[in-house]
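Here is a short report on one chain. Look at the strands and the rings as you read.

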Amino acid sequence: MTPDDSDRDRRDQRTRDEHSAARVRGERRYLSRTVGGELYSYAADEFGVVGGPMGGNIQVRTLPGFVVVMSLGWLFVLGTLFETFVYAPFVQPGDGRPAWPVLIATGVAGLVAWAGTHYVATELRARRVRRARGIPEPRAGSTSS
């Protein structure tokens, strides 16, 4: 073990102790490595989604990625609604059957779009809080509560 490793181990242990004390006080905190590699105890409003508690469960790990998911979801919703209610009635008028598969696909796309919108808003709020408090960015997907 090098002297640098022992210093880092001491800093990590101090952070773990502070994290445990905050959890005992009832605070919602997340223990994670920062982008720079240091261990940090984030408050719930500082953590966001990219490094957040779902960081290991979701495959999109960057804010631009969430924007793409959100945009594609809303584009699909708008496209299927346009096709169902504007384009199709003029091209194939009046067989009288509802377009359930298209409407179900629109609902699923709407859920994806809503989730993407929620993740983008959560991450933007957390980034704003971190910048205001001078807190480093969490590394994506390295979480324990």
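Which residue in E2 stands opposite Tyr 30? Tyr 42 does. This is a predicted model, in which local features need pLDDT of at least 70 and side-chain atom pairs pLDDT 80 or more, while totals for chains, interfaces and linings use all residues. Residues are numbered from 1 along each chain as its sequence is written, and side-chain values use heavy atoms, without hydrogens or water.

**The strands**

Helices (H or I, at least four residues) and strands (E, at least two) are DSSP runs, numbered from the N terminus. Strand E1 covers residues 29–33, and strand E2 covers residues 39–43. The two pair in the antiparallel sense over five bridges; pairing takes at least two DSSP bridges. Five residues lie between the strands of this hairpin, and Gly 37 takes a positive phi near 100°.

Five of the five residues of E1 are buried. Buried means under 20% relative accessible area, exposed over 50%, and partly exposed in between (1.4 Å probe, protein chains only). Arg 29, Leu 31 and Arg 33 point one way from E1, and Tyr 30 and Ser 32 point the other way.

**The rings**

Rings of Phe, Tyr and Trp (its six-membered ring) pair if their centres lie within 6.5 Å; planes under 30 degrees apart count as stacked, over 60 as edge-to-face, the rest as tilted. The whole structure holds three aromatic pairs. Tyr 30 and Phe 47 form a stacked pair, 5.1 Å centre to centre with 5° between the planes. They sit 17 residues apart, Tyr 30 in E1 and Phe 47 in helix H2 (residues 44–47).

| Residue | Relative accessible area |
|---|---|
| Tyr 30 | 10%, buried |
| Phe 47 | 0%, buried |
| Tyr 40 | 26%, partly exposed |
| Tyr 42 | 0%, buried |

Ring pairs link Tyr 30, Tyr 40, Tyr 42 and Phe 47 into a cluster.
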